[in-house]
Amino acid sequence: MTNPTITVGNGAEAEATDVADATASPRHHLLDLDDLSASEISDLLDSAEGMLEITGRDVRKTPALRGKTIITMFFENSTRTRVSFEQAGKILGADVINVTASASSVSKGESLLNTVKTLQAMQIDALVVRHPHSGAPYFISNYTDAAVVNAGDGTHAHPTQSLLDLFTVRNHIGDIAGKKIAIVGDVLYSRVARSSIIAFQKMGAEVTISCPNTLIPDEWQLGTVLDESTGFDGLKLAKNVDEAVDSADVVMALRIQQERQDSGHVPTLREYAERWGINSERMALANDDALLMHPGPMTEGVEISSDVAHGAQSVVEEQVRNGVAVRMAVLYALCAPGKSTRVSSGDEA
Amino acid sequence: MTNPTITVGNGAEAEATDVADATASPRHHLLDLDDLSASEISDLLDSAEGMLEITGRDVRKTPALRGKTIITMFFENSTRTRVSFEQAGKILGADVINVTASASSVSKGESLLNTVKTLQAMQIDALVVRHPHSGAPYFISNYTDAAVVNAGDGTHAHPTQSLLDLFTVRNHIGDIAGKKIAIVGDVLYSRVARSSIIAFQKMGAEVTISCPNTLIPDEWQLGTVLDESTGFDGLKLAKNVDEAVDSADVVMALRIQQERQDSGHVPTLREYAERWGINSERMALANDDALLMHPGPMTEGVEISSDVAHGAQSVVEEQVRNGVAVRMAVLYALCAPGKSTRVSSGDEA
Amino acid sequence: MTNPTITVGNGAEAEATDVADATASPRHHLLDLDDLSASEISDLLDSAEGMLEITGRDVRKTPALRGKTIITMFFENSTRTRVSFEQAGKILGADVINVTASASSVSKGESLLNTVKTLQAMQIDALVVRHPHSGAPYFISNYTDAAVVNAGDGTHAHPTQSLLDLFTVRNHIGDIAGKKIAIVGDVLYSRVARSSIIAFQKMGAEVTISCPNTLIPDEWQLGTVLDESTGFDGLKLAKNVDEAVDSADVVMALRIQQERQDSGHVPTLREYAERWGINSERMALANDDALLMHPGPMTEGVEISSDVAHGAQSVVEEQVRNGVAVRMAVLYALCAPGKSTRVSSGDEA
């Protein structure tokens, strides 16, 4: 549980850090996995191993982030993600304060910027942000020296979700390099898909996606492999779901957003289930010990059948459990850089 | 403050426990008082004595549940009950995370079941559930090995409220057996009434209820005593409130739900107050030292007059105070079974 | 960080304290700065110095209020103020429980009074109240022996905001006595203005206000000095903003409430900015090292220009930071009177 040297995502936001209080320890952010090298990702996953061990203890508590303040600022509802971060922070001994959009003074005309500056002035250590607009956490990170963690921004990114996906796969399969990952569903509009494609490719996996051709950019074409110009070099666009799932080591089903259907991108849910739903017949095309993943919440009977969702190959609940450990690793790396001495004295028993 | 051996309500939900993680300590639930024996209830009340002592300390804190995570999941508003559970958990040193229905992803199409499975996967220790639908906590308990505590479900049960009623009466009167308990008000639709009738009868008290005949089941009749077939063997249905209160050791007034009047079950609130409201004249019919109870929130001037509500016989505020102690006892019994060693080392001072 | 003897605001609410549990330590309240002497205010500011030092530590945590329960009860949204109090309480080691109006059972017909009595019965130590109605915290303080802290009531008072203003000025200028304080904006309807005028005058400062004549009481007149009969003896009403700002040591701009414009009290926002907005030209009229303050949230371009808001003289973010320290001092003074022994053993490191 030591990870004192890692710095996470200190690219574009270096300027903001430079103008920050010089006496504060250097802050960094986790905005997307783009900014991280494979080695930095591996370090985080290694740290998460130790964190997972802590979450399994009878007394789940360490003083690692005691005296630190973490604020969750959710402009979108997400019980799953907020509770996961809140628990991660509390297990590490931090104080966690929740702010939701409806409870914020945004409604009083205070700009997002002023809200962030206010929280910054309170000397908080980390700001976990969920926002419906892509890029909002980047904007915020320019105006605070608190560590900003992107907990999902619009259709853009959800980096801790992707880290927990990697962590879950690594724990089952070991080295991810060379493995075949099939991602099926609402790829174009899913921040989970985008972040996970980047993450799995960065770790050397071969990623194949399958989705309705209305859910990929116009310039892409099913049955092809993307080149570097697309930003997803080597990503395979399967002709159909069977091709994607064939011989896969991991099958990840994504939630189909109701809004897509309303906008005509997707046929009826029944037809969607028939053509892209993951069921036992399709799982039979994958490797015998292939993992079945889903970022949740699942709509059983649509993108995933109930027997598969709760079957032997499903690691869906394990993903949730690993999410707490991965978020502990991220919060620890961001809030306690170079301060491993506070941790090395052992946990309070 | 030791109660290491008690197990609470391990009847119908044994199956769920069986399929749970074998390495976890056995979990049990508190769904209703039906499942508990008189001796188990007495054990909980004994434990609450110690908890009450702790709540009266200048430093109200013990490490008994340190490193445990308790989630309150309220699908209905109740400041009173939620704050009581939150304070109980925090005094015991647990981490408490609040989830409300409006903040949950239920609105995103995630089913109650998936929400519960998600929280379960985060390895939480207790799930305190308030839900407008009778039976919801039972449903939930089948899908989690966290301890489920029913904090009020529809018109069904509110077991910690009944436990605090018992505790309050015991502290004043001693042995409850043989005492006369009068419950006046919205009995048919009140989860408090249902749970409390069961609880007081189980402890040997003689329970008499009084209410409009529109608020009891059609097959019941005022002026009779129920038999075993009703599930409330020996419950007396008084002809009128005076008969119920006469010589009572305890008079419990229940809140009349506005919805009842809207549905025609109850006449005007003014008429209700005249015929069933507890006032000083009616209290004079009870024993001299009879206790006046109300589960709150009170509508003064309707089911209870202000002078009685705040008079010398009223133990309404004491009920609230005892609620914290009783909930500490319940959370401790459920989250730390057989782990008294962690507690026996004494509280942090 | 010792302040064992101070008692805060024990005037009108003495009666409530008298009827409270005799074994409880005497409780007092912070309802407005009217009740405090200059010396009591100075004591609080001295205590806040020590608290500010704690907030700057790497591990921001003391056990000073361990085992105490603080409830924030907000009937109005205010992320800024609620988070500040929550962080203050948590740094001091207290348990903090949030209650919001929408989450309270006020909607179930429970009166404010019953809510307060319920929380009182749970033996909480402090109740931090924000309420849209002037006087609500006074009402509440009559029915609880918990310490009531006014976190803003209607147009009446916001005492911790004024304390942080004083604290910020003192830290920069030293002795406040004899200094010129210019307050510009929505004075009549601003609880901040009212509390701050009282506070600065009490500390011996010369306070001048400037605002549209529609925003002062009818019986007041711009260009005059108020006498004792107004309750603001010596307060100068400047003819215009330039006169107010001239040679000032502190310039405080207030937010103009949108509601004022809707009601015709204020011309267009553009005209308001021209006639009363604080910009660099106006700041040039003040002393060279004059401080620029704003209670936030700022509407840049209206009551304050962006360059001034973020310029070298602005102490707006410092006000926010100091707010945490001042609230720590208040909570400590109210919740731990005469209990310095618990603190003197040193902070946990």
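Chain C and chain B bury about 2,600 Å² between them, and carbon and sulfur atoms account for 45% of it. The model is predicted. Chain C brings 29 residues to this contact, and chain B also brings 29 residues. Chain A and chain B bury about 2,700 Å², with 45% from carbon and sulfur atoms. Chain C can be laid on chain B by a turn of 120° with a shift of 0.0 Å along the axis. That is the relation of a three-fold axis.

**Interface of chain C and chain B**

- The size of an interface is often given as the accessible area lost when the parts come together.
- For chain C and chain B that area is about 2,600 Å².
- The interface of chain C and chain B holds 3 salt bridges.
- C:D95 pairs with B:K61 in a salt bridge, with the closest N and O atoms 2.8 Å apart.
- Polar contacts join 13 residue pairs across chain C and chain B, counting pairs with both residues at pLDDT 80 or more.
- Three elements of chain C each supply at least two residues of the side that touches chain B: β1 (69-74), β2 (95-100) and α4 (112-121).
- α4(C) gives the most to that side, with 6 residues.
- By class, the side of chain C that touches chain B has 9 nonpolar, 11 polar and 9 charged residues.

**Interface of chain A and chain B**

- The contact draws on 29 residues of chain A and 29 residues of chain B.
- A:R60, A:N77 and A:T79 supply 21% of the area that chain A buries against chain B.
- The interface of chain A and chain B has 3 salt bridges.
- In a salt bridge, the side chain of A:D58 meets that of B:K68 at 2.9 Å, N to O.
- Between chain A and chain B, 13 residue pairs are in polar contact, with both residues at pLDDT 80 or more.
- On the side of chain A that touches chain B, the elements giving two or more residues are α3 (79-91) and α13 (316-335) of chain A.
- α3(A) gives the most to that side, with 9 residues.
- The residues on the side of chain A that touches chain B divide into 8 nonpolar, 8 polar and 13 charged.

**Salt bridges within chains**

- Side chains of opposite charge can pair when their charged atoms come close.
- Over all chains, the whole structure has 48 salt bridges.
- A:R194 forms a salt bridge with A:D34, the closest N and O atoms being 3.4 Å apart.
- That pair links distant parts of the chain, 160 residues apart. A:R194 sits in helix α7 (residues 191-202) of chain A. A:D34 sits in the loop between α1 (14-19) and α2 (38-55) of chain A.
- A:D34 is partly exposed because its relative accessibility is 38%, which lies between the 20% and 50% cut-offs.
- A:D32, A:D34 and A:R194 are linked in a network of salt bridges.
- A:R170 forms a salt bridge with A:E49, and the closest N and O atoms are 3.4 Å apart.
- This pair also links distant parts of the chain, 121 residues apart. A:R170 is in helix α6 (residues 159-173) of chain A, and A:E49 is in helix α2 of chain A.
- A:E49 is partly exposed, at a relative accessible area of 33%.
- In chain B, B:E53 forms a salt bridge with B:R57, with the closest N and O atoms 3.1 Å apart.
- B:E53 is partly exposed at 46% relative accessible area. B:R57 is partly exposed at 26%.

- B:R282 is found in helix α11 (residues 280-283) of chain B.
- B:R282 counts as buried because its relative accessible area is 13%, under the 20% cut-off.
- The side chain of B:R282 makes a polar contact with the side chain of B:D242 at 3.2 Å.
- The side chain of B:R282 also reaches a backbone oxygen, that of B:G277, at 2.8 Å.
- Beyond its neighbours within four places in sequence, the contacts of B:R282 include B:V241, B:V245, B:A273 and B:W276.

Definitions and conventions
Residues are numbered from 1 along each chain as its sequence is written. Chains are lettered from A and ligands numbered from 1 in the order in which they are written. This is a predicted model: local features need pLDDT of at least 70, side-chain atom pairs count only at pLDDT 80 or more; totals for chains, interfaces and linings use all residues. Side-chain values use heavy atoms; hydrogens and water are left out. Contact means heavy atoms within 4.5 Å. Buried area is the accessible area (1.4 Å probe) that two parts lose on being put together, summed over both. A salt bridge is a side-chain nitrogen of Lys or Arg within 4 Å of a carboxyl oxygen of Asp or Glu. A polar contact is a pair of N or O atoms within 3.5 Å; within protein, one must be able to donate a hydrogen and the other to accept it, and residues adjacent in sequence count only if both atoms are side-chain atoms. Helices (H or I, at least four residues) and strands (E, at least two) are DSSP runs, numbered from the N terminus. Ala, Val, Leu, Ile, Met, Phe, Trp, Tyr, Cys and Pro count as nonpolar, Asp, Glu, Lys and Arg as charged, and the others, Gly among them, as polar. Buried means under 20% relative accessible area, exposed over 50%, partly exposed in between (1.4 Å probe, protein chains only). Copies are superposed by least squares on the C-alpha atoms of residues with pLDDT of at least 70 in both.
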